[in-house]
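Take a walk through this predicted model.

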Amino acid sequence: MNTPSHRRNILNAVIWDSAFALIPPIMLFTLNPGITWARLLDDFRYSLVYSNCIGGVAFLLIPKVWMGTCAYPYPQWLRWSGRVAAMFAACVMGSLISGLIFVALRWQPMSDYWPQFLGSLKLAAFLTIVAGLTIGIYSTLRERLDETTLQLRTKELERERALKLATEAQLASLESRIHPHFLFNTLNSISSLIPEDPARAERLVEQMAALLRFSLDANQSGLVPLASELKIVADYLEIERLRFGERLRYQIDVPAGLNESRIPPLSLQTLVENSIKYAIAPQRSGGEIRITGAQSDGAFRLEVSDSGPAFQLESAPAGHGLDNLKGRLSTLFEGRAALLLQRVGGRNNLILSVPLIVTASAINGHAGIPG
């Protein structure tokens, strides 16, 4: 393996080994202040060979032992015992190799091989274990720091993705509302109502303004009270009933105790809009939409049921509508929310399950909004 990363690791090992090679000459100078520079240099060349031979063996052996002890749930004492034993083994092998190099370079006779090995082993073992533990602990802490940094970056990217998805949902919702055809039909219907029912015409203008304002403000908060979402859904259905007349029938039946529960803005509206588009608009006879809610096990479920044709949730266009909502739920709640589809009795039941997050002002009871 001759990758840039591997070459960098080898260079780092050589630098560390050379740095530790300075320790014996420094200790010698400290204990013998009158020692000559020639003796210090001579001692340093021996130390440099020792350090790089032991360090080279340790570079090949210790990381494998270190990772191996991390891969299995060994007790801490057993892990560290194995690591220290590997460091001592690297010291012994490196010292033996160093002695052979000294003999080959004629720095010492073969007769001094074993006395030199035994005489230097204690200091070499001490320095090797200290160096190994220092580098190992440093590397472990550095890996943990890098892992924590990566987790923070990942969370930041997820937060940015959630904001992006919320903005896209806002823009998609706003685009559907201000589509010229939608505005034309709505304003034309309001215009025709003015001489016949001016009060209702004024109410519809207010509902359309509230709907557009809610769409514009949707990305200002990650979650909104369910009561606000239900109000905007009711306004949306009333405006669409102006277009479809008696072809659109709906019922909203959600417990009032859930009013303060938090929900991603425009999430329930996205489900209703899907039903309008695929269950009501294509049918000459129209259809019925039912919106219900319930609470259980620290979560609450909102169900949008329609009488439209069957479809698969996986077939939702990527980046729009239901697919966009699934992405928002995954990012905001990290797997604790879900969007499901059930086909029961010839009806599509889109189920939005969200963790129950309420305020102290949540009240018990049950309220229905008839359509």
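Start at Y113. Its relative accessible area is 6%, so Y113 is buried, since the cut-off is under 20%. The ring of Y113 pairs with that of W114. Their centres lie 5.1 Å apart and their planes meet at 85 degrees, so this pair is edge-to-face.

The protein has two aromatic pairs. F102 and W107 form a stacked pair, with 5.7 Å from centre to centre and 20 degrees between the planes.

Now turn to the nonpolar cores. The largest one holds 42 residues. L237, I252, L268, L271, I276, I289 and I291 have the most contacts inside it. Several elements give two or more residues to this core, among them α7 (198-217), β2 (248-254), α9 (267-280) and β4 (287-296). The most comes from α8, with nine residues.

Beyond its neighbours within four places in sequence, L271 touches V304, L322, L325, L339, L350 and L352. A second, separate core has eleven residues, including Y50, C91, F117 and L121.

Finally, step back to the whole protein. It has ten helices and eight strands. Of its 371 residues, 37% are buried. Among contacts between residues at least 6 apart in sequence, 72% join residues at least 24 apart.

Definitions and conventions:
Residues are numbered from 1 along each chain as its sequence is written. This is a predicted model: local features need pLDDT of at least 70, side-chain atom pairs count only at pLDDT 80 or more; totals for chains, interfaces and linings use all residues. Side-chain values use heavy atoms; hydrogens and water are left out. Helices (H or I, at least four residues) and strands (E, at least two) are DSSP runs, numbered from the N terminus. Buried means under 20% relative accessible area, exposed over 50%, partly exposed in between (1.4 Å probe, protein chains only). Contact means heavy atoms within 4.5 Å. A nonpolar core is a set of buried Ala, Val, Leu, Ile, Met, Phe, Trp, Tyr and Cys residues joined through side-chain atoms within 4.5 Å. Rings of Phe, Tyr and Trp (its six-membered ring) pair if their centres lie within 6.5 Å; planes under 30 degrees apart count as stacked, over 60 as edge-to-face and the rest as tilted.
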